[in-house]
Amino acid sequence: MAASVNRTNTESNNGIENLIAARNSLKLSLEKSKALGLALEKAGSRLEEINQRLPSLAAAIRPIRADKDALVAVGGHINRAVGPAAAVLKVFDAVHGLEKSLLSDPRNELPGYLSVLKRLEEALRFLGDNCGLAIQWLEDIVEYLEDNRVADERYILNLKKSLKSLRELQNDGERAHLDGGLLDAALDQLENEFRRLLTEHSVPLPMSSPSLGEQACIAPSALPVTVIQKLHAILGRLIANKRLEKCISIYVEVRSSNVRASLQALDLDYLEISVSEFNDVQSIEGYIAQWGKHLEFAVKHLFEAEYKLCNDVFERIGPDVWMGCFAKIVAQAGILAFLQFGKTVTESKKDPVKLLKLLDIFASLNKLRLDFNRLFGGAACAEIQNLTRDLIKRVIEGAAEIFWELRFQVELQRKSSPPPEGNVLRVVSFLTEYCNKLLGENYKPILTQVLVIHRSWKREKFQERLFVNEILNVIKAVELNLETWMKAYEDSTLSCLFGMNIHWHLYKHLKGTKLGDLLGESWLREHEHLKEYYATVFLKDSWGKLPSHLSRENLILFSGGHATARDLVKKRLKAFNEAFDEMYKKQSKWVISEGDLREKTCQLMVQAVVPVYRSYMQNYGPLVEQDASSSKYAKYTVHALENMLLSLFQPRPVRYGSFKGRSPGGKLELDLRRTTTSVV
């Protein structure tokens, strides 16, 4: 019984376990069915997507109509064509990877920037060399596909159109098609950096015209070595990309502007003066003196510095390039204005002062001759050379013409009237001083050189004696003029005064001078003796006659009769006063130019008249001083008479006394305005 119960219990337990297992199995099946349903649902959408893509896939596969063997054969061709194309595409990707670095500011890391740029250039060279090859391979495979009918005609046609477009872009030669303009943008950045380096280190130094005596201290400093090295590095890349002309343009613009700024402090506005803006050379002779100093400063310091700097910056490119660059800088900086000013002076009216100024110009140019030949001797400076040669030619011809005409123009003055005051004309003083200058150390070597060159152009020899003789001829012409004017006076006393004036002036102002040494001691002594002669005659024929009016004759006979003696004294004093007044009035308009001669002459006049007058008045003055009309006869005190004599012959204010410019015929013309002119 118990066994039966146990068996029953065991069976019951097994059934329960089976039910539980069946339930779990059913539950698992339901979960799998559910998962499968979800999977089928998802697969349905994917199948729908595949179903939608099948037409396009079918269209893509449709052009390939070859059999399996043909497809296997074409595979190798395609692989060989795709290899170069893939390499090209890889380089394209690398090019675009450089874009960020190349669009940054080069100043931050110039060497690194240049390195990246060089990589870009190499990449572009690769693309330029291989794009055509890749296109050619692709064209070959398309031709193969077409020949072997591996694809349909429309597919082949589309491939041909695409390759044709690539070929046209490749044949166009535009670099921007390869890099999208990246290289040009990078080169523009380098040009800006080139300009920045130049501008920041091209600073004009402060200058002032009076300080030109210290020229060496104010020349602009050269660029630092590190800056020049950077410029070299930038130039290397820009030249490699055919941008040299742009570099030169930037360099010329910056450096010429710097030189102009350096010169502005010198106040060079006078260089723009035209011939119509001044009457003669004398009105601008101060500018001519400045011109020589300023030109020397510009050439020896400013232009010299630019010459060296152009060589330093562009020496690796070649002399033609840096010399051309230098020529543009100096032309834009102002060398042409200096030469034009010199030409303007040569075109002004002719007068003796102009000769001296032309010699000053020649001396300045001759002093700079070696510098001009070295700095401006290249073919690039042809314009400067031509203008300089033309200026020198004008200076030499103008100076020689004025010098050889001078004597004839002095001779033309001989027909003029003598000075009414009897004074020494300013033109006489001017000519003697002028000839002394021509004989002096400053002008004689220059003028001699000018005359030698001028005669050599005519294939004639020059001897120094020709120069000396011409100076002597000018002085002889002056002497003849003076002698002619002396003879032209109607008043012989005034003629003597004039003779006394001119002979003393010539002796005094030429003794101990170059001209006086040339004329000789005997010539000088002759003029000194002539001065003494005319002074003696002048005194004898004028003031020496006055004492004769104060005769004592018969006054002793009438010593017992005061009335008779008084009448005789009155008569003689009246005659003396009338003669004195007439002579004083006439001679008060006359002039003795030299102060020492004037003082000596007046003293001689006082010695000739005053002692006689004093003695006469002491002895006989009381006879008339008691008379009611004594003032008519005792008109002057001794002191007043002496002062009047000592006040004579004073010079008048000098208003004129110069050389005139050009006569209607274009000849040198002297203008003597004598009536108010004397030498003080």
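The sulfur of C325 lies 4.2 Å from the closest cysteine sulfur, that of C310, which is too far for a bond. A disulfide is a pair of cysteine sulfur atoms within 2.5 Å, and the structure holds zero disulfides. This is a predicted model, in which local features need pLDDT of at least 70 and side-chain atom pairs count only at pLDDT 80 or more, while totals for chains, interfaces and linings use all residues. Residues are numbered from 1 along each chain as its sequence is written, and side-chain values use heavy atoms, with hydrogens and water left out.

**Buried residues**
- C325 is buried (under 20% relative accessible area, with a 1.4 Å probe and protein chains only), at a relative accessibility of 1%.
- C435 also counts as buried, at 0% relative accessibility.
- L431 is buried as well, with a relative accessible area of 3%.

**The position of L431**
- L431 belongs to helix α16, residues 426-439; a helix is a DSSP run of H or I with at least four residues, numbered from the N terminus.
- The C-alpha atoms of L431 and P352 are separated by 9.0 Å, although the two residues are 79 apart along the chain.

**Lining of the second largest pocket**
- The largest share of this lining, six residues, comes from α15.
- The lining residues divide into nine nonpolar, six polar and two charged; Ala, Val, Leu, Ile, Met, Phe, Trp, Tyr, Cys and Pro count as nonpolar, Asp, Glu, Lys and Arg as charged, and the others, Gly among them, as polar.
- A pocket is an open set of points on a 1 Å grid over the protein atoms alone, where a 1.4 Å probe fits, with protein on both sides within 12 Å along at least five of seven lines; lining residues have an atom within 4 Å of a point.

Notes. Helix = DSSP H or I, 4+ residues; strand = E, 2+ residues; numbered from the N terminus. Buried < 20%, exposed > 50% of the residue type's maximum accessible area, 1.4 Å probe, protein only.
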